[in-house]
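Dear colleague,

I am handing over the structure below, and would be grateful if you could read these notes beside it.

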Amino acid sequence: MTQRIDTQSIGELNPPNRLMLTPGPSSMDPRVYRALAAPLVGHMDPWFKGCMDDTQVLLRQIFQTENRLTMPLSASGSGGIEASVVNTLEEGDEAIICVNGIFSERMAVIAGHTAAKVTKVEAPYGKAVDAEDVRRAGKGKKIKIVGLAQGETSSGVLTQIADFRKVADELGALLVVDTVASLAAVPLHVDRERVDICFSGTQKAISAPPGMSPITVSPRAEEVFRTRKTKVQSWYFDLSTAMNYWGKERLYHHTPPVSLIYALREAMRIVMEEGLEVRWERHRVNQLALIAGIEAMGLELLVKKPAERLPTVTAVMIPDGIDDAKVRNQLLDEFNIEIAGGLGPLKNKIWRVGLMGHCSQKPYVLLFLAAMEKVLIDQGLRVPSGAGVGAAVQSYTQARSEAVGVSR
Ligand SMILES: Cc1ncc(COP(=O)(O)O)c(C=O)c1O
């Protein structure tokens, strides 16, 4: 006889409905939940092949590319990093990775699992790497890839791609860009900016569930894949064979997460209904209001240069004497709002407030600022009454008078 557990004591699944103002995942639109609940079909079903076509059309729009090799990998964002480096790098190659936080560091770590030589060009957490340092590090060397994170989620830093493209051109290198925390929230034109490999995650500004990593590869990078001397060290992430399934032939490679693809398709339809420019502007305006509120409450930001602030993740310095976990727990218990703490060297030093995709909305910014005021006062900080919400309202009023077509 097998042992039987009492399912009554485990209970039906009933997760709390949180407001996720985290650096990912973000809350989802009800339409995306409905897509998740749609009937499952087989991954070789002719109907599903049409659904895959739609997914690729939408992905190309969001990446602003015509790249043939554009698909969602069956993996979280880290899988996108892995696929980018293992397909490009082999023995004898050299890579330069720009490191200014945990996730760009992860790209260097994963590249270090290949046989290539990896050089890190670093900036302190809270700042963007200087493209000039990359130029210096690569001088006189044959560099295969320059890698960077457009949005460094661990510190809330935005990196401008253009200067790095220029340096990568001088070095004859491919440019690999992590847009896990920035795609569909921050201006990006993969073709125009000539990004060779660009990957993202579904759970952030696209506001689909976690578990997929959209990736796009330029014809130039595809040529590099074709002329490799050695096999790609990972079977699963070998993009030339994975593309047999996402390419014209639709040959079986592995069983993809069909329901996640439904959800991604619907989430991207929502992105394109809004329009990329309007969405980028919405993220910018909401972060400006959040920052105005945070600063009016007397709090400081980690990223000092406004041009280096990532619109999806705002890193707030934790004031002396205030307990990181107590504040986050009270926000969760009393207001059902989740924010994140710092990672690695920034643990206990910053809070990370995410305004991504579905969560980048005016009502949520105002609710968060009001809730934060209450929590900080309860935790013993003197906060000017109503200052946060007041400053955010003023920021919205100013944005409206300047604005063109921000819908939320
Ligand atoms: C910029 C960046 N890159 C990569 C990752 C890794 O993604 P995942 O946790 O989905 O594997 C993250 C996750 O937060 C990220 O923010």
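What follows is a short account of a sheet, a helix pair and a loop residue.

This is a predicted model, in which local features need pLDDT of at least 70 and side-chain atom pairs count only at pLDDT 80 or more, whereas totals for chains, interfaces and linings use all residues. Residues are numbered from 1 along each chain as its sequence is written, and side-chain values use heavy atoms, with hydrogens and water left out.

First, the sheet. Three strands form an open sheet in the order β11-β14-β13, with antiparallel pairing; strands (E, at least two residues) and helices (H or I, at least four) are DSSP runs numbered from the N terminus, and two strands pair if DSSP finds at least two bridges between them. The edge strands β11 and β13 each pair on one side only. Helix α11 (residues 276-296) packs on this sheet, where it touches β11 and β14, contact meaning heavy atoms within 4.5 Å. The direction of α11 makes about 10 degrees with that of β11, where axes are lines fitted to C-alpha atoms, for helices over the stretch in contact, and angles run from 0 to 180 degrees between N-to-C directions.

Strand β14 (residues 350-354) has five of its five residues buried, that is, under 20% relative accessible area with a 1.4 Å probe, protein chains only. I350, R352 and G354 point one way from β14, while W351 and V353 point the other way. Five bridges join β14 to β11 (residues 313-317), and two join β14 to β13 (residues 340-341). R352 is the bridge partner of A315, and A340 also stands opposite R352.

Next, the helix pair. The axes of α3 (residues 46-63) and α9 (residues 239-246) come within 11 Å and cross at roughly 120 degrees. α3 is therefore oblique to α9, a term for angles that are not under 35 degrees (roughly parallel), over 145 (roughly antiparallel) or 65 to 115 (roughly perpendicular). F48, M52, T55 and Q56 of α3 make the contact with M243, Y245 and W246 of α9. These residues divide into five nonpolar, two polar and no charged, where Ala, Val, Leu, Ile, Met, Phe, Trp, Tyr, Cys and Pro count as nonpolar, Asp, Glu, Lys and Arg as charged, and the others, Gly among them, as polar.

Finally, the loop residue. T22 lies in the loop between β1 (19-20) and α2 (30-36) and is buried, with a relative accessible area of 4%. Not counting residues up to four places away in sequence, T22 touches E338, I339, G354 and M356.

With best wishes

Key. Buried means under 20% relative accessible area, exposed over 50%, partly exposed in between (1.4 Å probe, protein chains only).
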